[in-house]
Amino acid sequence: MPLYVEKKPEVLITEDGVRTDGRKPYEMRPVRMTVGILDKADGSAFIEWGGNKILAAVFGPREVHPKHLVLPDKALVRTRYNMAPFSTPERKRPGPDRRSVELSKVIREALKPAIFVENYPGSVIDIFIEVLRSDAGTRVAGVNAASLALANAGIAMRGLVAACAVGRVGDFVVCDPNHDEDMWGDADMPMAMLMEAEEITLLQTDGPMTEEQFREALKLGRNSIRFLYEMQKEALKRPYQVVERSVRGVV
Amino acid sequence: MSESAILVKNREVVVPGQPLARGRFKLGRDVFRDESGIIRAKKLGLADIKEDTVSVVPLSGAYIPKEGDIVIGIISRISGSTIIVDIRSPYQGVIPIPRGRATERVDMRKYNLKLGDVILAKVKAFDGSSSLLLTIDMEGLGKLEGGYILEVEPAKVPRVIGKRQSMLTILKEKTRSDIIVGNNGRIWVRSPSLRELLALEKALRKIETESHVSGLSDRVSSFLTQELSD
């Protein structure tokens, strides 16, 4: 017997487009990003997005171990997406599983085009994404945090990568699906873009959409990503502004 | 293409991918030109626009060796004919031990090194990836005896030295210490007492956190005066 039984809400979205958490279709859950919170990592970030709490840490460029993985002309990029055993309603067996191995791969491929790997030949850049609390949309939250951690580590990049999920519930295309919509919604489409070129580096779709709905979802996703990109820039600059203000205040 | 324009303030904090300028500018360090001709930042740092050159002064990042750099290394392995040196970088330094004829030209006593010894070395050759050749075969290079090793972020080394060594002079005079700054962010210090060493350590942390705010030298100078007066 499972200790925790999930119940499907009777109505996922009302006729006038009010969702189970009270949001409108185009509204995002509250997001907060913080940069540089881990001392021992070369770069780090923490993102809280709805009920998600996710840490990202970057180590490198550093020496490659084991040695046979060395790429002579560019940096190796390794990514590990991992969920804490306590991050889900039911305890998750620790360690990598099918899902987290796949997410590690898609997140790596979403971030890699942003990195100037050719600037760091023969080294490795390790990216760790630790989900402490999960609440739908962890992969896109992880991409946002990891991109901030890379910039915080002082790694040469073409731009930041911002990510957001969109979905479909009934006839509505919705921004940033919540847990209920993730479980019982009709379609879910996480996407990531390399800014400011707005090149798509991650696009997955689970569930059917008409061409019209897909186009609407893509547009909604792009607008949401633009908004998240502004938040990322603000998060990266904030620590320096705080220091500047305190120094100027004292002097 | 539209005419030349600068899109940021000088010394402004910029993020990777942020547009800095458009048009006829030279590319300085840590910037790139995109397909549409806009010059963008590669790293998180401070925009630096001097005449017709656009650069970014990075605020963090690993130490990437350059030929001619002076680094402070720690011997991590000695195997046969080579000494492997940790220089706090993605790349390990290698010092070949001279043999045969070569031993006549160099001071072989310098090569009498043990695991864990701290050395001052110069980057002799670096091919950008695997082979990083160091040398200690010069006046002033070799094993560092006594003293302490402090560390700063490699990106902040130019701030610790300052324009025409201004910051380093302040640090040396105020703490009455011998200080050697390696390009890799390791700093060797011999202080008259622990008090000066601790004050120096605090001053280095201050340089690290406040490097992007102008007037740093004056602040560090008055900070050290305050720390060391009683």
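Two strands count as paired here if DSSP finds at least two bridges between them. Keep that in mind for the sheets. One caution before we start: this is a predicted model.

Let's take chain A, starting with the mixed sheet. It is open and has 5 strands, in the order β1-β2-β3-β5-β4 of chain A. The pairing is mixed. At the edges stand β1, residues 31–35, and β4, residues 76–83, of chain A. Each has a single partner strand, so one side of each is left without a neighbour in the sheet. From one strand to the next, the twist averages 15°.

Look at the β4 end. β4(A) pairs with β5(A), residues 123–133, in the parallel sense. There are 8 bridges between these two strands. For a landmark, find A:Tyr81; opposite, in β5(A), is A:Ile129.

Now the other sheet of chain A. This one is open too, with 4 strands in the order β7-β6-β8-β9. Here the pairing is antiparallel. The edge strands are β7, 172–175, and β9, 199–203, of chain A, and each pairs on one side only. Neighbouring strands are turned by 30° against each other on average, direction ignored.

Stay with β9. Strand β8(A), residues 187–194, runs antiparallel to β9(A), and 4 bridges join them. Your landmark here is A:Met191, which stands opposite A:Leu203 in β9(A).

Next, the helices on these strands. Helix α1 of chain A covers residues 98–111 and lies across β6 (161–169), β8 and β9 of chain A. It runs at about 180° to β9(A). Helix α2(A), residues 138–152, packs on this sheet as well, touching β6, β8 and β9 of chain A. The direction of α2(A) makes about 170° with that of β6(A).

What else does α1(A) lie across? β4 and β5 of chain A, running at about 135° to β4(A).

How do α1(A) and α2(A) sit against each other? Their axes come within 10 Å and cross at roughly 45°. The two helices are therefore oblique to each other. The crossing is right-handed. From α1(A), the contact uses A:Leu103, A:Val106, A:Ile107, A:Ala110 and A:Leu111. From α2(A), we have A:Arg139, A:Gly142, A:Val143, A:Ala146, A:Ser147 and A:Leu150. By class, that contact has 8 nonpolar, 2 polar and 1 charged residues.

Over to chain B. It is divided into domain 1 (9–58), domain 2 (70–143) and domain 3 (148–227). The centres of domain 1 and domain 3 of chain B, taken over C-alpha atoms, are separated by 28 Å.

One helix pair to show in chain B. Helix α3(B), residues 194–210, packs with helix α4(B), residues 216–227, at an angle of about 155°, and their axes are 10 Å apart. That angle makes α3(B) roughly antiparallel to α4(B). This crossing is right-handed. On the α3(B) side, the contact residues are B:Ala199, B:Lys202, B:Ala203, B:Lys206, B:Ile207 and B:Glu210. They meet B:Leu216, B:Arg219, B:Val220, B:Phe223, B:Leu224 and B:Glu227 in α4(B). By class, this contact has 7 nonpolar, no polar and 5 charged residues.

Last, the interface. How many residues of chain B are in contact with chain A? There are 25, and they contact 31 residues of chain A. The chain B side divides into 10 nonpolar, 10 polar and 5 charged residues.

How values were computed
Residues numbered from 1 in each chain as written. Chains lettered and ligands numbered in written order. Predicted model: local features only at pLDDT ≥ 70, side-chain atom pairs only at ≥ 80, totals over all residues. Axes fitted to C-alpha atoms, helices over the stretch in contact; angles between N-to-C directions. Parallel < 35°, antiparallel > 145°, perpendicular 65-115°, else oblique. Left-handed = near helix turned anticlockwise from the far one by under 90°. Contact = placed C-beta atoms within 7 Å. Nonpolar A, V, L, I, M, F, W, Y, C, P; charged D, E, K, R; others polar. Domains from an automatic or database assignment.
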